[in-house]
Amino acid sequence: MPLDRRIFLQSGAAAVVALLHRSGAIASPAADGQAVLGFTGVPASLRDAVVVPPEYEWQLLYPWGTPTGIARQPMPAFAPDGGNSADEQALQAGMHHDGMHFFPLAAPGRALLVMNHEYTDEQLLHSDGVKEWNAQKVRKSLHAMGVSVIEVQWTREGWRQVRPSTYARRVHGRTPIRIAGPAAGTPLMRTAANPAGDEVLGTFANCAMGVTPWGTYLTCEENFHGYFGGPKETAKDMTPAQRRYGTVPGSQWVEYWRFEERFDLSRHPNEAHRFGWVVEIDPFDPTAKPIKRTALGRKRQESATCTLAKDGRVVVYMGDDARFEYIYKFVSHGKVSAGGSAAANGRLLDEGTLFVACFDADGRGRWLELVHGRNGIDAGSGFTDQAEVLIHARLAGDVVGGTRMDRPEWIAVHPQTGEVYVTLTNNSQRGNAGKPAPDAANPRADNLFGGILRWREDDADAGSTSFAWEHFALAGDPAQENSGARYPSGDADIFGSPDGLHFDSGGLLWIQTDMSGQLIGKPPYASLGNNQMLCADPASGRIKRFLTAPNGSEVTGCVVTPDRRTLFVNIQHPGESRDDGNATPNSAWPDGTALGSARPRSATLAIRRRDGGIVGT
């Protein structure tokens, strides 16, 4: 059994940390005489480069187009002109790397690195951009999203990819995937291509992620709605539920529907119901079919952060990354079995209770059940059964009165205290006419900078139905008049639009930002520079800037190795100067220096202290 599974199956996050400390696999931040956040802080910057503290160095590991290294398969090299075929892209790193995890293998110095590919920039993906759509471009685009599983090895020269590898695989927008849980096989999941409603072709729009206690990977389907379309005149026929999820003909981002029939909402409206889920992938078994776990609810899925309740039940925290959407929690009915297989434990994700969060003004909060027949969720409110509750989880959240949040994204659980942190990225519509007003949990109108909120479950039990909450940080520049920015310490480095979150096993919180490429460097964001990654010590409230990113890019997908000597991080969509993908890239990172000298490529970096010490010190 791989190391990760042996560790996770002990008794929860706190036990994992205790076990690793006892075994010497990790050390505390004070070990080796290294101070917490002792690195030299990086200033805010608009440099078109990756900048890290002088005590650190970074290595380019896995950029878009790199061969995945699948055994007994071709290893097509990246074509700098975008000329790789759809079939070649299916064997290469996808575009726009996002959530990521490191799974140690039994062999010393070897591991699996698993990462999401969130979306495609069609202008860069194809040699002639989007001047003309065709079926092959649709196939290539679908192959450029999803998930990559690669094997990596530590060497004297740093981390390198192992090619070929029996573990390596791509899971993409055309991979057969099983549908499981209460919504599987129900009428809204059935299509002409799959009348049984139990299998779907592909996963895409994969953003944040999670890791189960039994060592499998959870990938989250976020902005799936933009890939479904149809004739604009059919938009009038869409239901309120379809409108709430954004699956409306004429509003699509790409023209898949013209060349792949299942994306035409006017002909196959149920196909969109089969996306927006958490998908479980076993990285150690390339023959295992991925599974969409419908008991966790359908939404613009952001994060699937796992922990354990005191009694051993699995708890999964999730956000819905859209303005005025909700934070969710799933609690399994059964308990994790230490001797159970990944397949056996995985069934825990098919039977449980889904909740939505309500943040009260007094600093208390409640988890409200999303269960058919309870809290007003019944035929009278438009739900015929539990399957419809899960497929239309947003609407169920409306019925029970969840708190409408400012774009809840990544969620992280402190490995020692069990405190839960969530990024609320921003919401420029808060307080606008006809939109929800500020509230205690979302206190700023026209919230341009977002923040980080945290809560403590009652009795320190993730299975509790109530909690206490507070703001950890309200982002922005305090020097700006009426910014409302507030940080947990006076010397905290400032940031905006927090997105990715990751706790390492020592309790340091890594924060990543995602300001829009079209706004970076402009008022009121000018003082914040490019997107960045910071490291926070929740115990002291100190926050220190660790990395600044190339022009137009987002920093995301952070994971620290168990020995805390390497930090893997993803640089997504370098060169993005506008959100529509049609502008000339303002970066050639990582292959070029002058603008236009190379297609910018999302990539995975490995970052280490030059002296081999613990990262974050």
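**Entry 1: salt bridges**

I looked up D320 and R394 and found both buried (buried means under 20% relative accessible area, exposed over 50%, partly exposed in between, with a 1.4 Å probe and protein chains only). Their side chains meet in a salt bridge, N to O 2.7 Å (a side-chain nitrogen of Lys or Arg within 4 Å of a carboxyl oxygen of Asp or Glu). D320 lies in strand β14 (residues 313-320) and R394 in helix α9 (residues 393-400), so the pair ties together parts that are 74 residues apart in sequence. Helices (H or I, at least four residues) and strands (E, at least two) are DSSP runs, numbered from the N terminus. I then followed shared partners: salt bridges join R244, D320, E325, R394, D398 and R404 into one network.

This is a predicted model, in which local features need pLDDT of at least 70 and side-chain atom pairs count only at pLDDT 80 or more, while totals for chains, interfaces and linings use all residues. Residues are numbered from 1 along each chain as its sequence is written, and side-chain values use heavy atoms, with hydrogens and water left out.

The search of the whole structure gave 36 salt bridges. One of them is E221 with K292, with 2.7 Å between the closest N and O atoms. E221 sits in strand β10 (residues 217-221) and K292 in strand β12 (residues 291-293), so this pair links parts 71 residues apart in sequence. E221 is buried at 0% relative accessible area, and K292 is buried at 0% as well. I also noted D237 with K236, at 4.0 Å from N to O; K236 is exposed, at 64% relative accessibility.

**Entry 2**

I traced an open sheet of four strands, ordered β24-β25-β26-β27 with antiparallel pairing (two strands pair if DSSP finds at least two bridges between them). β24 (498-503) and β27 (542-548) are the edges, each with a single partner strand, so one side of each has no neighbour in the sheet. Four bridges join β24 to β25 (residues 509-513), and F503 stands opposite L509 in β25.

**Entry 3: whole chain**

I counted nine helices and 30 strands in the chain. The C-alpha trace spans about 65 × 55 × 55 Å along its principal axes. Of the 617 residues, 64% count as buried. Among contacts (heavy atoms within 4.5 Å) between residues at least 6 apart in sequence, 65% join residues at least 24 apart.
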